[in-house]
Amino acid sequence: MTSATSPMAAPREGYSPLRLLIALVVLAALIAAPFLVYPIFLMKVLCFALFACAFNLLLGYAGLLSFGHAMFFGGAAYISAHTVKVLGFTPEIGIIAGTLSAALLGLVTGLLAIRRLGIYFAMVTLALAQMFFFFCLQAPFTGGEDGLQAVPRRAFFGIIDITKDVNLYYVVLAIFVIGFAIIYRAVHSPFGQVLKAIRENEPRAVSLGYRVNQYKLLAFVLSAALAGLAGATKSIVFQLASLTDVAWQMSGEVILMTLVGGMGTMLGPIVGAAIIVTMQNYLASLGEWVLVIQGVIFVLAVSLFRRGVVGEVLAFVQARKEKAAARDAAP
Amino acid sequence: MRFAAMLMAAASVFAVTAANAQSPVKVKIGVLNDMSSLYSDLSGPGSVWAAKKAVEDFGAAAKGLQVEVIAADHQNKADVGTSVARQWYDVEGVDMIVDTPNSGVALAVNTVTREKNKVFINSGAATSDLTGKACSPNTVHWTYDTWALANGTGKAVTKNGGDTWFFLTADYAFGHALERDTSEVVKANGGKVVGTVRVPLNTSDFSSFLLQAQGSKAKIIGLANAGGDTINSIKQASEYGITSSGQKLAGLLIFLTDINSIGLKTAQGLNLTSAWYWDMTDANRAFAKEFSAANGGKYPTMVQAGVYSGVTHYLKSVAALKSAKDGAAVVAEMKKMPTDDKLFGKGEVRADGRQIHPMFLFEVKKPSESKGPYDFYTLKATIPANEAFRPIGEGDCPLVKKT
Amino acid sequence: MFELLGISPPALFGQLLLGLINGAFYAMLSLGLAVIFGLLNVINFTHGAQYMMGAFGAWMLLNYAGIPFWGALILSPIVVAAIGMVIERTLLRRLYHLDHLYGLLLTFGLALIIEGLFRRQYGASGLPYNNPLPGGTNLGFMFLPNYRGFIVVASLVVCFATWFVIERTKLGSYLRAATEKPDLVQAFGIDVPRMITLTYGFGVGLAALAGVLAAPAYQVSPTMGSNLIIVVFAVVVIGGMGSIMGAIVTGFGLGVVEGLTKVFYPEASSTVIFVIMAIVLMVKPAGLFGTAK
């Protein structure tokens, strides 16, 4: 994105004892959570949180708005479900197969899409995802509108019994933490810095000698693979893969999650996913209002709080710090 | 908050157990369907009303049952459907889920219900896998399925002289199944399939495919599709003068609400199969009248009537067992007891979970013949119960092989 | 392969004509998108919803006010355009100083709201709308319903009128100038913000007009727009948004290509436009009529 969007750039995030403490508390809470909250719901939140984080890597840090991420999420779900159900492998093989195929799909899509910038990029990804949707609808192995049903929950690695929801929850939590750690490392590395440089000013990055397109493509593939990881995991949790996961509405939902939570922040997508999934869960009885409410949130987020929940909090903390600093500096 | 709620739930379980001796049997029914999209008119809030009406007519309280009906929207997403089903069974104490149009969601709920040993009575979904490959000791498929539709329309139309067919098929699993089943019936009855064209889902312009159908000179154009696709193809067939030039359309999955949406002027002459129609008996008419008053003038579809009928039979079985907790036992009781209610009449639930009743072939009326709202169909033929559904041995249902 | 060779020239001609009818909708919608994009730099995701509103507008005018199709053809686009202009004034305007992507996201949200509200009110299975021009003409090679013929003629007239106004009149020259250098045009005493509002209204009106034209041919349903808009996006990417004529030609051209696919390989007819898009991106990333931007 151009420099006009700099408000979405988050305040600096670094290491500090306080941060570490918070991270530990959060981790402890996540470990204790399945005993207090319904585990399936938690796993759904975690899958979508990982999906949104992967998406945010592209939008928040590389400035590329993909309107077709459902194709990686849902495509990996199909591959993973197929690997486990039809080919009879264990779930971890299914998840790996799903992730790899999403990466491959990401490579092909990325090569095409990064030829156009900005809005065109969004439209190209949307169109390619729609093409993929029709492929999934018509291909025999996906089961059409029935989807792939009753994917067995075989023992993870052959030892961990995941038919119990609580056990499966810890497996999903581990996958989420690994995925999140990969994103964290990618963002806080020279690679991440280059991505941010491209986002802020692409011509400058080009003139500095960076092969911008290669960086973008790598970011795209990484994002697609992690979105695939989330989708593959989801297919194991819900024991099914269906057209919902590849439809364009799913691409819209992940954008909404990222936008609401705060794009370009590490925690934003997680918060956003939690908010949206909770909302969908508890508003399910409202029927068509869910669509309207999602639209209203979209409009409000774009018009009023573009930084998202986490972004606004960070900005507020930052502002207070600066104020305090200014007060201290003044005699 | 959550923890407190769970404590309270636990406390209430104790209270119930303690008071079990004299208190009525608690039954919780969840209506899980589409409240907001494609299938909301043919099931949706109308099905919730039908379920509540069945409870009321059954006189549950007098028979020692305390029944509660809740509802949710599965948004046509299989994952939302399973989430709700699991949460209902695990947390809310739901004993039975009913309705659930959309084959994908229905198959997913079928799996969860079996895992949790509850009861699933499906009225809205089309897939015949529910009583075939995916059949379960916890599931009853009530109203219709793809096999029954294909069989009803295919056989009756072919026997009435419509012996050459051209299919417009929605290009996904559902459309393929419908086309395959109908072709077999057509051939078995001496007819011929002269051609077929696979149309991608959600195509808005059917003119090209219709011209191909016209060029085939087939007497019957079979519409192996559903919802908006069917509506658009019927509408455009009338526009291109296909129906007026002698070719007939046969809709393989059409609901009363679809006809309302197309309008009689365009839909007239269409042949279709349905499990139930409101203007057939006095009991049906009375039901439709009450339904219409409570649902803003809409009339009940076969799916909504099937919800009423299914819930009634379920409650009878629960009342006989005096418990709703063991799902497989309740379904076994449902299979043992013959079905009998004012809308679907006498029938039975087969070992594979298929409810057996007659199906009807209708022709859509001309606008001049229609006397009031939703007065759409003329009865052309009745398909007797023993011929209406797939023979029990042909569905590959594991439950059947065992016995 | 025999069917491929077996198709007779008259039948082929009929299918080409059908493709042209289909292309009429693509052309009108992509034209509206191109006009809006030209001046506002916004990709109007609400375009599909506004197309749907046009069709519903016609339905409401008929059923609530008794105004027939021909009146609705004029009235419905005006009403929808007015609603569009309110949206531009109140919401879109606040985003012009930001990245274009925000405009896309805002209009996406609006599309969800509009679709949801219509579903809530009218259900999802659609409403009937009677054909205002029943009957048809036998052209020898095919039976052409009169109304379909009308669609092609009407959309050709509208498209070329738009092209004429923008490329050949003074008003159009202001518009094109404002696209290039809004500050300079403002300095010449032209009210650019008002021009933007009117342009958006015009683009939206085109979508609504396409919607009214679609009402008798297809089903009036809340989801009619969201399925179409993605295809139109692909059309726009293929054509590039550099020129008005480009949008029109690509729209009709792709309609014909899709029509032929329906005859020779119907399974692919929903994806053929996306495949073409992928090929065009590889060969000429800026689009057939676009300039690199």
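UniProt, in an unreviewed entry, places the feature "transmembrane region" at residues 12-40, 61-87, 99-118, 147-166, 198-218, 230-257 and 263-283 of chain C. The model described here is predicted. Chain C is in contact with chain A, through 36 residues of chain A and 36 residues of chain C. Chain C also meets chain B, in a contact that takes 33 residues from chain B and 31 residues from chain C.

**Annotated transmembrane regions**

- Within chain C, residues 12-40 are 100% helix and 0% strand, and the end C-alpha atoms of this span lie 41 Å apart.
- Residues 263-283 of chain C are 67% helix and 0% strand, with 27 Å between the end C-alpha atoms.
- For chain A, the unreviewed UniProt entry gives the feature "transmembrane region" at residues 20-41, 48-73, 93-113, 120-141, 168-187, 217-242, 254-277 and 289-306.
- The span 20-41 of chain A is 73% helix and 0% strand, and its end C-alpha atoms are 27 Å apart.

**Contact between chain A and chain C**

- The contact joins 36 residues of chain A to 36 residues of chain C.
- On the chain A side, the elements that give two or more residues are α5 (118-138), α10 (248-261) and α12 (289-303).
- The largest share of this side, 13 residues, comes from α5(A).
- By class, the side of chain A that touches chain C holds 24 nonpolar, nine polar and three charged residues.
- Helix α5(A) packs against helix α5 (residues 100-122) of chain C at an angle of about 40 degrees, and the two axes are 8 Å apart.
- The two helices α5(A) and α5(C) are therefore oblique to each other.
- At this packing, G118(A), I119(A) and A122(A) in α5(A) meet H100(C), L101(C) and L104(C) in α5(C).
- The residues of this helix contact comprise four nonpolar, two polar and no charged residues.

**Contact between chain B and chain C**

- Chain B contributes 33 residues to the contact, and chain C contributes 31 residues.
- On the chain B side, at least two residues each are supplied by β7 (192-199), α7 (207-215), α8 (227-239) and α9 (256-262).
- Of the elements on this side, α8(B) gives the most, with six residues.
- The side of chain B that touches chain C divides into nine nonpolar, 16 polar and eight charged residues.

**Annotation and domains of chain B**

- The UniProt annotation "domain: Leucine-binding protein", from an unreviewed entry, covers residues 26-365 of chain B.
- This span of chain B is 44% helix and 21% strand, and its end C-alpha atoms lie 46 Å apart.
- The domain assignment divides chain B into domain 1 (26-144 + 281-357) and domain 2 (147-274 + 359-388).
- The centres of domain 1 and domain 2 of chain B, taken over C-alpha atoms, are separated by 28 Å.
- Between the two domains, 14 residues of domain 1 of chain B are in contact with 13 residues of domain 2 of chain B.
- The domain 1 side of this contact consists of seven nonpolar, six polar and one charged residue.

**Sheets of chain B**

- Five strands of chain B form an open sheet in the order β2-β1-β3-β4-β5, with parallel pairing.
- In this sheet, β2 (65-73) and β5 (139-141) of chain B stand at the edges with a single partner strand each, so one side of each has no neighbour in the sheet.
- Neighbouring strands of this sheet are turned by 20 degrees against each other on average, direction ignored.
- Strand β4 (residues 119-122) of chain B runs parallel to β5(B), and three bridges join them.
- One residue pair is I121(B) with its bridge partner V140(B) in β5(B).
- Helix α3 (residues 78-92) of chain B lies across β1 (25-33), β2 and β3 (96-99) of chain B, and runs at about 175 degrees to β1(B).
- A further open sheet, of three strands, has the order β11-β12-β13 in chain B, with antiparallel pairing.
- Its edges are β11 (339-341) and β13 (355-356) of chain B, each with a single partner strand, so one side of each is left without a neighbour in the sheet.
- Three bridges pair β11(B) with strand β12 (residues 345-349) of chain B in the antiparallel sense.
- The bridge partner of D340(B) is K346(B), in β12(B).

Methods
Residues numbered from 1 in each chain as written. Chains lettered and ligands numbered in written order. Predicted model: local features only at pLDDT ≥ 70, side-chain atom pairs only at ≥ 80, totals over all residues. UniProt positions renumbered as here; feature names shortened; annotations may be inferred. Helix = DSSP H or I, 4+ residues; strand = E, 2+ residues; numbered from the N terminus. Domains from an automatic or database assignment. Contact = placed C-beta atoms within 7 Å. Nonpolar A, V, L, I, M, F, W, Y, C, P; charged D, E, K, R; others polar. Pairing = 2+ DSSP bridges. Axes fitted to C-alpha atoms, helices over the stretch in contact; angles between N-to-C directions. Parallel < 35°, antiparallel > 145°, perpendicular 65-115°, else oblique.
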